[in-house]
Amino acid sequence: MAASLVGGAFLSSFVNVLFDRLSDPGIINLIQGKKLSEKMIQRFKTILNAAEALLNDAERRQIREGPVKVWLDDLKDALYEADDFLDEIATKAATQKDPPGNFLSRFLNMQDREMVARMEDVIGRLESIVNQKDTLGLKEIPMENMSWRTPSTSLVKESDIYGRDEDREALVKLLLGDANDGDVSVIPIVGMGGIGKTTLAQLVYNDDQVQQKFKLKAWVCVGEEFNVLKVTTTIVEKATSRSCNMYDLDSIQLHLKNELAGKEFFLVLDDLWSNNYDFWKCFLTPFQVGSARVKVLVTTRDHRIASMVKTIPTHNLSLLDDNQCWSVFAKHAFLPADSRDLSSLEKVGKEIVKKCKGLPLVAQTLGGLLRTKDTVKEWNDVLKSEIWEFSQEESGILPALRISYHYLPSHLKRCFVYCSLYPKDYVFKRDELILLWMAEDLLQQPKSRSILEEVGHKYFNDLVARSFFQPSNNAFEDSFVMHDLIHDLATFYGEKFFVRTFELQSVAKHDTKTRHLSYDPFDNDSVLKMLEACDSLSHVRTLCQIRKAFYRSDRQKIDPCHLLAQLMSSRILIFKSFEIGSLPDSICELIHLRYLDLSQTSVITLPESLSNLYNLQTLKLENCFKLKRLPSRMQDLVNLRHLGIKGTPIEEMPKGMSKLKDLQFLSNYRVGKHEENGIGELGELAHLHGSLCIENLENVNNSGEASNAKMDEKTHLNILQLSWSSIEESGVCNSQTEKEVLDKLHPHKDLKELSICGYRGTMFPDWVGQSSYHKMTKLQLSGCRNCWVLPPSLGQLPSLVDLSLGEFDMVKKIGGEFYKADGTHHQETPFRSLKSLSFYDMGCWEEWESFECGDDDHAPFPQLVMLRIWDCPKLRGDLPTFLPSLKTLYISGCSELGCYLPRAPIIRSLEIRGKQEARMRELSLSMLETLHVNGDHRVEYVLDAITHTQPTSLTELGISNCSSAISIAGDSLPPSLRCLYIRDCKNVEFPMQHQQHHSLYSLGRENLTSLEDVAQLQSLKYLWVFKCPKLEIVRLPPSLIDLRIAECPLLGERILKKDPEIWPSISHIPEIQVDLKRIGNDSTS
């Protein structure tokens, strides 16, 4: 019983794409009944079969044998050519207007002889390449495993290991404890190749405490083939210290169970690759049915395997930092009594270590490589070299990573190598990459009810699980990066065919086989190289945009007419942010085009011929501020799956959008005034996924029209926005009709986010806010100016995290119904999941009724983190009294609010702005980081509290509108303070003492007569000075990068004139403004 891991040659899935094309019914219809063409198709299939049979051998040998690598590249180039040809035939077959027989007669007779000749050329080229197999010695072999690798052992030299002490302690603690209730505990260690999983397992295996606890231990290096019989036999031999002469699994498992009975046993399974759950359960049986207490440590590169085997949480192994990597590197690079020039070598070595990007295997390998190299030049050569340029004998880095690539299925190899278009450290988004894969035909056609996008998600998740992609550290969801060495691997396998123009020294560097280009639109040199490459290459498939450089206004222009003429084979064109006013009618000749992105361009009109792009799947037109209309025949884009027009002022949708049956994503739909572009057109778009914003709902005349949209049947939508134009724009309305329309637009119960903007009724229908929307996490209601009451029971939405309510002109009171509905049935703590609550622009709101409950434990908002209220001028009365989780409180423009602020024991940010009388009590300063207050009472309270408490976390303090005479010593301000703003506080004195405020980098002051104190703040970068009528001389710290002056007439005039007495002392500051006017550093202002 064994589970073998089987990968696939890179080109195998490409060959399968061609087979699928040759089986296309359209092509079959074209050749039906014509023996000549049938023979030609058979020749085509035969040569593809012959080529595929050689791929495993060629892929294995390409690393060491240059001629084989050349052969593979020639074959790949020929397959690209064949794919272009067959895609063209399939497209013509699908779009031809004549009956098949008529088209066929032309195709096979005089008028289309050129196409027949092209087929002969394609087949002939493939046959010529395959016929070189004997010269190269290529033969048909199965996909081999990589069992030539040296198996790991349990032995380790601890003095060579750095940076794993915390990992070791955590795992030892788990092994010594009783983390799992069952008798078998399985702890997976997961990480990419070369990160040190085996080394960590060795450290744990040989730990003194582990040795004492487990008298019986076994170490098994599993590898790619998980043979249950072989592994169990090895465990028996290790546990008994005797050879095992049994040969059937039943006997061996019984023997193992008896040997371990009543004992504690520790097992390490190193380098597990198999995700066969049945084999895993079979393997565990003797440990589960016996009386032994067994702990198993598994190392693997695959997160899916870790999820399959774990009984307690996975230990994800992190990268080493540069200092730890340096320790590993130095251990192997330098001899104990080294006679080399160590100081010079160390300087280069520190830079080399940065290439390791946290992988100890790389640090060890590069250190060993340099151990015998004596000169700085040799070390610099290694610094400037790419990892893949080292021979396999010199470096084990790529072989270690190549194993992961080797065992990828063929379709995943193509998807992974496609990512070589990205530069190192580039953060890419999952959904965008999947659309690119789809446009390149890298996704296999789904066999069940799933869709192509779901296939893409599976591929992507597989690559994440195998550590090819890693979640990025930024705040955006679904953003990922590749480790530098994984990126090197993709580059190695994608060379010649995938080119990053921003890294080319010259355009001559690209190969004639290049099919895929990436460029940076904000790097003029990159754009020029892209344009030159397109001029010299007639078969570019991809123009992918990568934004690396900063935005620049003097960007390189492109001529779309000329460029499109060079890109007749293109599948993907991304022209985002270019100054393109229009596209030529000839765009319809790009019959292969599947992905077109014109977002953020200045395009004014789109040609009607765009609707002839039969294969177009993705059309992005977001933030095209001059574009008012879409082509009238959009309905002809029958393969369109993704249409993004967010931020583009389309006046109304074209007619017949309901015919786009394959549409999976539609960012916005603007309801027209006619039936052909009304809301009913959405009814047939049953497969919409993700988010949808429906605008101009005032054009829906009645509930019947609304029900035709079938919103409750669109079960794949997660986010829905319903928007009406402003009441002023849309005129008089019937409140009851409005309510009935909204009632018929109710979405399915699993919706996650809902926004209703500009609703014109006086009351909401019952479904809005119903607790049956159990997955809703975000709700925004805004601009509903006729509504006099909020939807009831919002507090009973069980998963609601973010609630925003604004622009309700008629609401005067928020009462008990806000928290829960009337009724006697059991109801949960109101707003039990809510973390963010905002009220804004509610001009008539007077009262927020508190919720009556017996104790704090059942009070509403137990998890509320952020409360914001602004521009509610009539609000008075009480706020919630106790908010145990509140970290941010913002109140502005609530002039009549005179209550006490809520008790908030862990508050981090408090901002009270504008004229209001809200009072403070029990303010906890210990954790406060940001504090802005105004008014005599609050400023006095805060400054007194700061003086007596000395908060240690406060980094930003702002006070305003205080007429009281207050003097506070500079050393009373906390040393942690980095930003200080004082405004409209004429009688507040704040002497600055630079020794106390070395960390202050932003300061705003008024009513100053001198800046002597400010000049002592050597870390200051931003300075705002306002309302200083007597100030005319400045002496400022050299660290300043931003100076803003307002209402300082004497000083402002001197700066505007660049007075030679003061200008030399401030001219180095990059940003200077006087009364909002920017002052340049040259001779003009």
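Two strands count as paired here if DSSP finds at least two bridges between them. With that in hand, welcome to a set of close-ups of a predicted model.

**Figure 1. An open sheet of eight parallel strands.** The strands follow one another in the order β11-β12-β13-β14-β15-β16-β17-β18, and their pairing is parallel. At the edges stand β11 (498-500) and β18 (665-666); each has a single partner strand, so one side of each is left without a neighbour in the sheet. Helix α21 (residues 430-439) packs on this sheet, where it touches β13 (542-545), β14 (572-574), β15, β16 and β17 (642-644). The direction of α21 makes about 135° with that of β16. Another helix to look for is α24 (residues 524-536), which lies across β12 (516-519) and β13 and runs at about 160° to β12.

**Figure 2. Strands β15 and β16 side by side.** Here β15 (residues 595-597) and β16 (residues 618-620) run parallel and are joined by three bridges.

**Figure 3. Parallel pairing from β19 through β20 to β21.** Strand β19 (residues 668-670) pairs with strand β20 (residues 690-695) in the parallel sense, over three bridges. Y669 faces its opposite number, I694, in β20. On to the next pairing: β20 and strand β21 (residues 717-723) are also parallel, with five bridges between them. There, G690 stands opposite L717 in β21.

**Figure 4. A cluster of aromatic rings.** Ring pairs link F818, Y819, F831, F839, W845, W848, F851 and F861 into a cluster, and the structure as a whole contains 48 aromatic pairs. One of them is the tilted pair of F818 and F831, at 4.9 Å centre to centre with 45° between the planes. F818 and F831 are both buried. For F839 and W848, the ring centres are 5.0 Å apart and the planes meet at 65°, so this pair is edge-to-face. F839 and W848 are both buried as well.

**Figure 5. Charged side chains over aromatic faces.** K217 lies over the face of Y205, at 3.9 Å from the ring centre. In a second example, R983 lies over the face of F1026, at 4.2 Å from the ring centre.

Figure 6. Among the 65 salt bridges of the structure is the one where the side chains of R125 and D77 meet, at 2.7 Å from N to O. It links distant parts of the chain: R125 sits in helix α6 (residues 113-130) and D77 in helix α4 (residues 66-95), 48 residues apart. R125 is partly exposed at 27% relative accessibility, whereas D77 is buried at 8%.

**Figure 7. Salt bridges within single helices.** D381 and K377 form a salt bridge whose closest N and O atoms are 3.2 Å apart. Both residues lie in helix α18 (residues 376-384), four residues apart, or about one turn of the helix. D381 is partly exposed, with a relative accessible area of 36%, and K377 is exposed, at 58%. In helix α22 (residues 452-465), D462 and K458 are likewise four residues apart, and their salt bridge brings the closest N and O atoms to 3.2 Å. D462 is buried, with a relative accessible area of 9%, while K458 is exposed, at 51%.

**Figure 8. A network of salt bridges.** Salt bridges link R21, D83, D84, D87, E440, D441, R541, R571 and R594 into a network.

Methods:
Residues are numbered from 1 along each chain as its sequence is written. This is a predicted model: local features need pLDDT of at least 70, side-chain atom pairs count only at pLDDT 80 or more; totals for chains, interfaces and linings use all residues. Side-chain values use heavy atoms; hydrogens and water are left out. Helices (H or I, at least four residues) and strands (E, at least two) are DSSP runs, numbered from the N terminus. Contact means heavy atoms within 4.5 Å. Axes are lines fitted to C-alpha atoms, for helices over the stretch in contact, and angles run from 0 to 180 degrees between N-to-C directions. Rings of Phe, Tyr and Trp (its six-membered ring) pair if their centres lie within 6.5 Å; planes under 30 degrees apart count as stacked, over 60 as edge-to-face and the rest as tilted. Buried means under 20% relative accessible area, exposed over 50%, partly exposed in between (1.4 Å probe, protein chains only). A charge sits over a ring if NZ of Lys or CZ of Arg is within 6 Å of the ring centre and within 35 degrees of the ring normal. A salt bridge is a side-chain nitrogen of Lys or Arg within 4 Å of a carboxyl oxygen of Asp or Glu.
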